[in-house]
Amino acid sequence: MIPHRMIIRTVVAGIFVCFSFAFGITVKAQDGKSLFNQNCASCHAIDKKLVGPALMGVEDRWPNKKHLYEWIRNNQAFLKTGDPYANKLYLEYNKTAMNLFPQLTDAEIGAILKYISDYKPAAAQPAAGAAAGEPAAESDNTLLFGILTLILAVIAFTLMQVNSNLKKLTDVKEGVDSPEPVPFWRNKTYIAIVTVILFLIGGYLTTKGAIGLGRNINYEPKQPIFYSHKVHAGINQINCLYCHSGAMDSKYSNVPSVNVCMNCHMAINEYKGEKLYNADGEEVNGTEEIKKLYEYANFTPGQPWDASKAKPIEWTKIHMLPAHVYFNHSQHTRVGKIQCQICHGEINKMDEVKQVSELSMGWCINCHRTTQVQFKDNGFYSIYEKYHQDLKDGKIDSTKGVTVEMIGGTECQKCHY
Amino acid sequence: MEQKKHWQSFGELTNSEGYQESAKDEFKEDLPVWEDDKGLFSAATPRRDFLKYLGFSTAAAMVAASCEVPVRKIIPFANKPEDIIPGVANYYATTYIQDGEAVSVLAKVRDGRPIKLEGNELSPITQGGTSARVQSSVLDLYDTARLRFPTIDGKETTFENIDAEISKAINGLGNAPIVILTTSIASPSSKDVINQFIAKHPGSRQVTYDAISYSGMLLANEATYGKRAIPSYKFDNAKVIVSLGADFLGTWLSPIEFAKQYAKNRKINEKAPTLSKHYQFESIASLTGSNADERYLHRPSETGAVAVALLNAINGQAINLSDAALKEGVKKAAADLVANKGNALVVSGSNDVNVQIIVNAINEALQSGGKTIDWSSTYNTYQGIDTDFARLVEDMNAGNVGALLIVGANPAYTWFDSARFVAGMKKLKFAVSFNPKNDETTQLCKYVIPNHHFLESWGDAEPKTGYYSLMQPTIYPLFKTRQWQDSLLKWSGASTDYLGYLKTFWTAKAGGETGWDKAIQDGVLNPATVPTPIGAAFNSGAVNGALAAIAAYKKGGKVEVVLYQKVSMGAGQTASNPWLQEMPDPVTRATWDNYIMISPAMAKTLLGIDLNIAREADNYEVTPAKPVVKVTANGKSYSLPVLIIPGVHPDTVGIALGYGRTKEIGKAADGVGQNVFPLASMSGATLSFVATDATVEKTGATYPVALMQTHNVYTTPQGTRTEVMKELTLKEFKKDPEEIRNDRQKELAPFGGLKNFEKEGTIYPYYDKPGIHWGMNIDLNACTGCGACVIACHAENNVPVVGKPEVLRFHDMHWLRIDRYYSGNPDNPKVVFQPMMCQQCDNAPCENVCPVGATNHSSEGLNQMAYNRCIGTRYCANNCPYKVRRFNWADYTGADSFPDNQRGIVNDVVLMMNDGLTRMVLNPDVTVRSRGVMEKCSFCVQRLQEGKLKAKKESRPLISGEDNKWDVKTACQQACPTDAIVFGNVNDSHSAITITRKENELRLFKSLEQLHVLPNVTYLAKVRNVDEVAEKAEG
């Protein structure tokens, strides 16, 4: 029961989050920020000079907008056209070659440029997308039911007492000889009922406790660096896969290496966002935390960085599966097209990450029973001719579709081998 | 079907009491019972105590479990290399090198650790095939006995220090020459390195020493063809193959290549059935002999005489052989050879120059040159000439050698007169060993600079002229070791290291930087066009001399000894590998020992064991203790246990080389068997591994041998093996191709016949099989029994090693075994090998007896095993008709939290396999099973899941063998050098498995089909190319 509700809640939340992430084709202004962070921020800042020039007012510096787009997409090719401004810029920055971005569409470049032109220095950034991600508050009636049950039980008890007293009165009235009344705490019926109830409650709690052994829901260990997912994935809209790139290809969703952090933090060396608080409510100095990263990276701001001198960061693992469970991220993300948040919760709202889901077998199985596979979209499933026919014939409810379970996704050796 | 009687053991042959007993029970142990039989209350643990223990342990477990969950760390890279994704395996092409042998392989590297080797399909030599030794070599990388740093006089030192010391020592040599003693070096760049060193140090030279030498062939070819080389053999072009004691499918010259070629003509096209014909003349039972169509026995001393007789018979002259059967065989073989001139091949395993000259003459008479023998490319894997090394030993003893640099060679162990070699070592100024272990020779060296394992090395190899195989490191060196080439370059004052040298060498050869990159990526560089086979000019001058020499050979004594190589052990280089030690020898099915192989006839005369009598067969077979016999030859005596093996010549005994190592080699090698190299001798110019005059005597002692022969016995009606395994002759098959199918039809007729058997032969419901349904097919005609699959399965599936004491208790854990069946004359029987693993029955009897549902069926046809559900009742194993389930009697893998599950139960070898270093070989995708759970073949489910995922990611159906493209291959299938195993999706009409089953429907059968267990493994019946129609079973 509990997992069900939780899954529904998580799914609902996840769907909201998906919308807020806008993985669609339309490009919105907020994507400009995320695109900027992903593509540009490692070499450019808007208001100061880094490896590349400060980008504030870049559109004004370039007379021809078309040229600017070409330059951004493939600066090397554009240089060859002999454009004087581009070549001057190139020489000014010691012939440091800019990366090529052939994948960026005009709309995306437009979004980045819009983000740059709208940028207001030191202004508090609105927590974009936060409002959209608010899940509908769900009413929890457990307490109400509990109080009702209790009241009813008291009423029943009182009525039973009244009943027995009345019976006794009628007996006396009719002259029937009845035994001395036994106080209810010595009444065998009551004792039996209480014993049974206590046994049931005790048994339930014991079983529940035993099942819960080794499960770490809500586990939120302290990490070597106060890394806020909220700041990165939430406020700054960095795509999960930018850091956890293995999630699409591997069984592991890898924790990023120091050089991935440094891609951005070469440039970003102070924290200017909202105040950060740790789990105990103490304030955390973001800039200090970035300095901790620099210690691991062996980096001094303003000086060139030698990546080979970096030391790895020992993070504390949060999501743990038993050794006899095989779980593959890419199966779920790339093939199943499941969003990260469905299992990991609203990571984009957490500062330090905690485990949101139970990660128990029942939790997995329940999801496998209800989740549809990409039956029509993925060519792999074309071999299930019978199911395709059944779908066509309406033998399979098309709203429920072909679930993971129907293609054997709840069998032992799908996860245990 | 009336079939010939097959038997696995003598007990089965005689239907002895012991056999009946063993066939009855799956497990040999009785259930533990109370000491005194007075009831439960007086038992050691009465009911109340039991309840107390139960309560306490439950409470204790709760307390223990509710303690803090251990904190685990994730440590990402500091700088992630771009091409590495944690959790995704990369494959690197490299080369397996052991002594001269070089096999192109792909190393599977998972998170920085090489964990599995696969054959490189780009190599035209091995074509993706591997052997048991290749498969096992990845474990050697993590061998705890490897030397971990350079030493001077046994004390650890630095490379700078040892380089300085050795340079000083070299300068102090004066005129005394340096000798570089190597095994055969097939690496062109290494040869250059050696030459460079020699040029820098005038007077020094290289001596090549092969423990198992092919000098007989090299010298014979020099005498008759003018080339000191060994040509390529083309077994695939041969319609008639005669082998005079050459174990070319197991150990001779290039067994993977030959097995691949051999299998081509052993697979049958059912529409036009033909088979090559294979004659084997030998003295002891070998793997190749077991595969032969016709097999004849002779004394080892008669090898020359048999070769001469064959030559004479081919030339139409009279044959002079005393043994009538042998004479008949030679005549028959000669007639077949002559009839197939140009498509015939004769090979000999002898190291005798004269015999090899005769063999060359035979091949010349058969016009094999340019057809089955190809001189366009010659082998570089064996170059050692025995007399070179013998002369070196004399030089050393005479004080004519200043220093010895030893690369790979270990003559203190493998040279027959090792005492003389050891004495010579003492007269040197100094010796340097580059061997990876503190072996017998290294122990005699002042300086030791251990070499990298091949998986840590750069390098190249040219196993056959024109065919190159490159080597790249797949892991950063685990220890402070250095490649010997680096040392030599340093000492010759070269400015580059070996990698730089190699790169320059190959950039020039392979066509620039891109050529080098491609060569490293492919792992091989082949001739642009496949050269057409060519012959060589034959000079018959030496033949008469050889004939005369053979005629003058002494007759053998009462008993003769053959020293042979096991498929697993070779000359002992792999002795420390527990996988290989525990691999049952294909012929004897014994593990963990060497022993004396004798014939049933000798057993009768020498030991008084008549195996035709049921009681005596039991006495010999039921207990593992085997009688010990003392063999004396060349003045040396060995007392070793005896194994009675049908198919050994009555006056010959066989003993395997490569045993009797010490703990310095490794725990697995320590004290296992005895070293019989000293029984070899120099005979003329070459080393002879035969002692023609020996005596054997009974000692009365016994010694236990861990034999797996009788471990998994089926209860089929006595003698009728037809239910498990089917065999017929080519003649029968041609006469009545439908025989097997008709028999199946007849047998299943009461239950719906072949067509409806699945639905009508049962009261269980019928289940749909949508999507994928896995199936396997094994061609018994192609399977040679070599055991590569057995080791591949170990490596892929983390199958534990249990050690000899546990094998003796029938606790072996092999998921895949190769059953050996005999039929016919017990003195020289026919042999069939049948790989047997979980048959993944669709109506599996193991599944419905599991009380906890730990084993059940998947919609893809897999018989699943959920280890964490298993409570170890072993009902499933009891109910398995194929005896393929394995129970973890002890904590072999160290997977439990309690060391008490190991202490005193498993031996040192098993503990060594649990060492942190050795455990690096484990496949992280496969659960390491703990004590008390059942396990079995899973069809490599981790590979199936990976293959499916790959197809899903690419949004296309899974491909299993369509146009030879594969998303999934099981480990056994991939390892098989003869492609006997085909695996795939039977629901896919284009898959290789569907096509194979369809094209071979006449020979197709399922083991124990009538039980209606519906196995997903099918077999193709063995067809033997003999004229006679098989003997019919009795009764």
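**Figure 1. Helix 8 of chain B and the elements that cover it.** In this predicted model, the cover over the buried residues of helix 8 of chain B includes strand 4 (101-110) and strand 10 (230-233) of chain B. Helices (H or I, at least four residues) and strands (E, at least two) are DSSP runs, numbered from the N terminus. Contact between two residues requires that their C-beta atoms, placed from the backbone, lie within 7 Å. Helix 8 of chain B is mostly covered, with nine of its 10 residues buried; among them are B:P255, B:F258, B:K260 and B:Y262. A residue is termed buried if 20 or more other C-beta atoms lie within 10 Å of its own, exposed if 12 or fewer, and partly exposed in between, with C-beta atoms placed from the backbone. Residues are numbered from 1 along each chain as its sequence is written, and chains are lettered from A and ligands numbered from 1 in the order in which they are written. As the model is predicted, local features need pLDDT of at least 70 and side-chain atom pairs count only at pLDDT 80 or more, whereas totals for chains, interfaces and linings use all residues.

Figure 2. Strand 11 of chain B runs parallel to strand 12 (residues 277-282) of chain B, and five bridges join them; B:I241 has B:H278 as its bridge partner in strand 12 of chain B. Between strand 11 and strand 12 of chain B the chain passes through helix 8 (residues 255-264) of chain B, a β-α-β crossover that is right-handed (with the strands pointing away from the viewer, the path from the first strand over the helix to the second runs clockwise). Strand 11 of chain B also pairs in the parallel sense with strand 14 (residues 344-348) of chain B, over five bridges, and B:V240 stands opposite B:A344 in strand 14 of chain B. Pairing requires that DSSP finds at least two bridges between two strands.

**Figure 3. The open sheet of chain B.** Four strands of chain B form an open sheet with parallel pairing, in the order 13-12-11-14. Strand 13 (294-297) and strand 14 of chain B are the edge strands, each with a single partner strand, so one side of each has no neighbour in the sheet. From one strand to the next, the twist averages 10 degrees. Strand 12 and strand 13 of chain B pair in the parallel sense over four bridges, and B:F281 has B:Y296 as its bridge partner in strand 13 of chain B. Helix 12 (residues 353-365) of chain B packs on the sheet and touches strand 11 and strand 14 of chain B; the direction of helix 12 makes about 180 degrees with that of strand 14 of chain B. Axes are lines fitted to C-alpha atoms, for helices over the stretch in contact, and angles run from 0 to 180 degrees between N-to-C directions.

**Figure 4. Two loop residues of chain A with positive phi.** A:Q237 is not a glycine, yet has a positive phi of about 60 degrees. A:Q237 belongs to the loop between helix 10 (229-235) and helix 11 (240-243) of chain A and counts as buried, with 22 C-beta neighbours inside 10 Å. A:L359, also not a glycine, has a positive phi of about 55 degrees. A:L359 lies in the loop between helix 15 (340-344) and helix 16 (361-370) of chain A and is partly exposed, with 19 other C-beta atoms within 10 Å.
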